[in-house]
Amino acid sequence: MATASPPLISSLNFTCTSSRTRTSLPTFSFSPKLLLRPLASFSVKASSSRKQVEIVFDPDERLNKIGDDVDKEAPLSRLKLFSPCKINVFLRITGKREDGFHDLASLFHVISLGDTIKFSLSPSKSKDRLSTNASGVPVDARNLIIKALNLYRKKTGSNKFFWIHLDKKVPTGAGLGGGSSNAATALWAANELNGGLVSEKELQDWSSEIGSDIPFFFSRGAAYCTGRGEIVQDLPSPFPFDLPMVLIKPREACSTAEVYKRLRLDQTSSVDPLTLLENVSNNGVSQSICVNDLELPAFQVLPSLKRLKQRVIASGRGEYDAVFMSGSGSTIVGIGSPDPPQFIYDDEEYKNVFLSEANFMTREANEWYKEPASATATTSSSESRLEIPNEM
């Protein structure tokens with residue numbers, strides 16, 4: 001194997017020798033512009049045939065070597081974590097606060113749809129570097145992952161920075177808390193990669209400074225949340241983990257700010273959220289329990305979302321135990337079946353909506369959420385579902 005030389009070398013010449021002949025490979029010349037890029041490596045493999053020569057280009061080898069050097073200096077320097085999303089089984093808005101936020105009372109539950117995030121210690125002492133497979137997701141300080149890492153350093157005095165890759169599967173603007181989950185996962189990862197400087201409870205308390213939904217993800221996966229959402233009461237899951245559901249998210253997103261702007265407290269439900277909690281704990285999920293006070297204003301923002309919910313209920317023919325909107329939208333959840341109604345595939349209006357199966361899930365104490373063996377997601381224009389193995 002021959003490796004690219006430092007920038008002082010302007011060309012490389014590879015040769016391979018057999019017992020019968022000596023063959024010179026072409027000279028590879030590197031221009032000054034090319035030398036400004038990260039150094040790459042080349043390897044040459046020659047078979048017994050004089051004509052078969054393979055040149056392998058590996059653009060990641062230099063970065064991997066730096067990562068390996070970091071590994072030698074730290075007992076734990078790389079993590080791959082699952083970052084699950086959530087649904088609101090019921091969501092009551094109980095009042096408006098003096099600080100401009102609203103008080104809520106909601107049963108949050110983690111589900112098996114989620115992103116995968118890779119964290120590596122960076123040799124940099126000044127900046128995190130975030131990459132993602134999803135277009136439109138910011139990779140700078142606007143991203144909650146970067147905000148979470150900055151928060152951890154501020155609170156602990158840690159000087160460690162990270163390389164992060166976000167493999168995004170949870171749609172944005174969906175009411176599923178994908179960004180909040182990413183932030184909680186980043187706080188957990190930072191603490192693990194710093195040797196566990198602080199307790200999980202401290203991470204949970206700090207997280208409310210950058211997002212109201214983030215503290216929930218430090219529960220065991222099912223919780224009754226009040227205040228802005230940051231007051232988290234852990235609960236045993238009231239649902240079997242094999243209870244299926246389908247998530248249907250239109251291409252249009254709902255602006256949370258716009259939904260709350262249209263919210264009128266005199267038009268919300270009058271049912272006591274503690275009554276809902278007692279009923280769901282005793283009887284499981286049902287349509288009467290899945291109250292969401294944000295549905296009415298969300299349907300005003302996006303009228304097509306109301307039609308979608310109504311059609312899912314009508315076409316389900318009793319297949320779903322409950323159909324409701326999660327969070328501030330725009331995901332419609334059908335609990336009881338993993339399959340959407342046929343009209344989702346047939347109607348042009350619903351072409352390319354996001355679809356995913358999911359189940360309820362929780363986590364063990366002192367461990368982060370475990371990635372399911374596989375995830376099933378598709379769009380309504382697909383002829384069949386696509387099984388996506390969770391491997392990277």
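Predicted model: local features only at pLDDT ≥ 70, side-chain atom pairs only at ≥ 80, totals over all residues.
Local features need pLDDT of at least 70 and side-chain atom pairs count only at pLDDT 80 or more, while totals for chains, interfaces and linings use all residues. Residues are numbered from 1 along each chain as its sequence is written, and side-chain values use heavy atoms, with hydrogens and water left out.

**Exercise 1. Describe the surroundings of Ile-93.**

Step 1. Ile-93 belongs to strand β7, residues 78-96; strands (E, at least two residues) and helices (H or I, at least four) are DSSP runs numbered from the N terminus.

Step 2. Ile-93 counts as buried because its relative accessibility is 1%; buried means under 20% relative accessible area, exposed over 50%, and partly exposed in between, with a 1.4 Å probe and protein chains only.

Step 3. Leaving aside neighbours within four places in sequence, the residues in contact with Ile-93 include His-102, Leu-104, Tyr-260 and Asp-293; contact means heavy atoms within 4.5 Å. Asp-293 lies 200 residues from Ile-93 in sequence, yet their C-alpha atoms are 6.1 Å apart.

**Exercise 2. Carry out the corresponding analysis for Leu-276.**

Step 1. Leu-276 sits in helix α7, residues 273-283, and its relative accessibility of 3% is why it counts as buried.

Step 2. Beyond neighbours within four places in sequence, Leu-276 is in contact with Phe-90, Arg-92, Val-271, Ser-288, Ile-289 and Val-291.

**Exercise 3. Characterise the largest pocket and its lining.**

Step 1. The volume of the largest pocket is about 990 Å³. A pocket is an open set of points on a 1 Å grid over the protein atoms alone, with protein on both sides within 12 Å along at least five of seven lines, and lining residues have an atom within 4 Å of a point. Grid points are joined across faces, edges and corners, and a volume is the space filled by probe spheres set on the points.

Step 2. Of the 41 lining residues, Gly-177, Ser-180, Asp-213, Thr-256 and Ser-328 lie nearest the centre of the pocket. Elements giving two or more residues to this lining are β7, β8 (102-122), α3 (144-156), α4 (178-193) and α6 (256-262). The largest share, 4 residues, comes from α4.

**Exercise 4. Identify the nonpolar cores.**

Step 1. The largest nonpolar core has 63 residues, and those with the most contacts inside it include Phe-119, Ile-145 and Ile-164. Such a core is a set of buried Ala, Val, Leu, Ile, Met, Phe, Trp, Tyr and Cys residues joined through side-chain atoms within 4.5 Å. Helix α4 gives the most to this core, with 8 residues.

**Exercise 5. Classify two aromatic pairs by their geometry.**

Step 1. The whole structure holds 8 aromatic pairs; rings of Phe, Tyr and Trp (its six-membered ring) pair if their centres lie within 6.5 Å, and planes under 30 degrees apart count as stacked, over 60 as edge-to-face and the rest as tilted.

Step 2. The ring centres of Phe-108 and Phe-216 are 5.1 Å apart and their planes stand at 45°, so this pair is tilted. Phe-108 is in strand β8, and Phe-216 is in the loop between α5 (200-207) and β11 (222-226), 108 residues apart.

Step 3. Trp-368 and Tyr-369 form an edge-to-face pair, at 5.0 Å centre to centre and 75° between the planes. Ring pairs link Trp-188, Phe-218, Trp-368 and Tyr-369 into a cluster.

Terms used: 1 Å grid on protein atoms, 1.4 Å probe; cavity = no way out; pocket = protein on both sides within 12 Å on 5 of 7 lines; lining within 4 Å.
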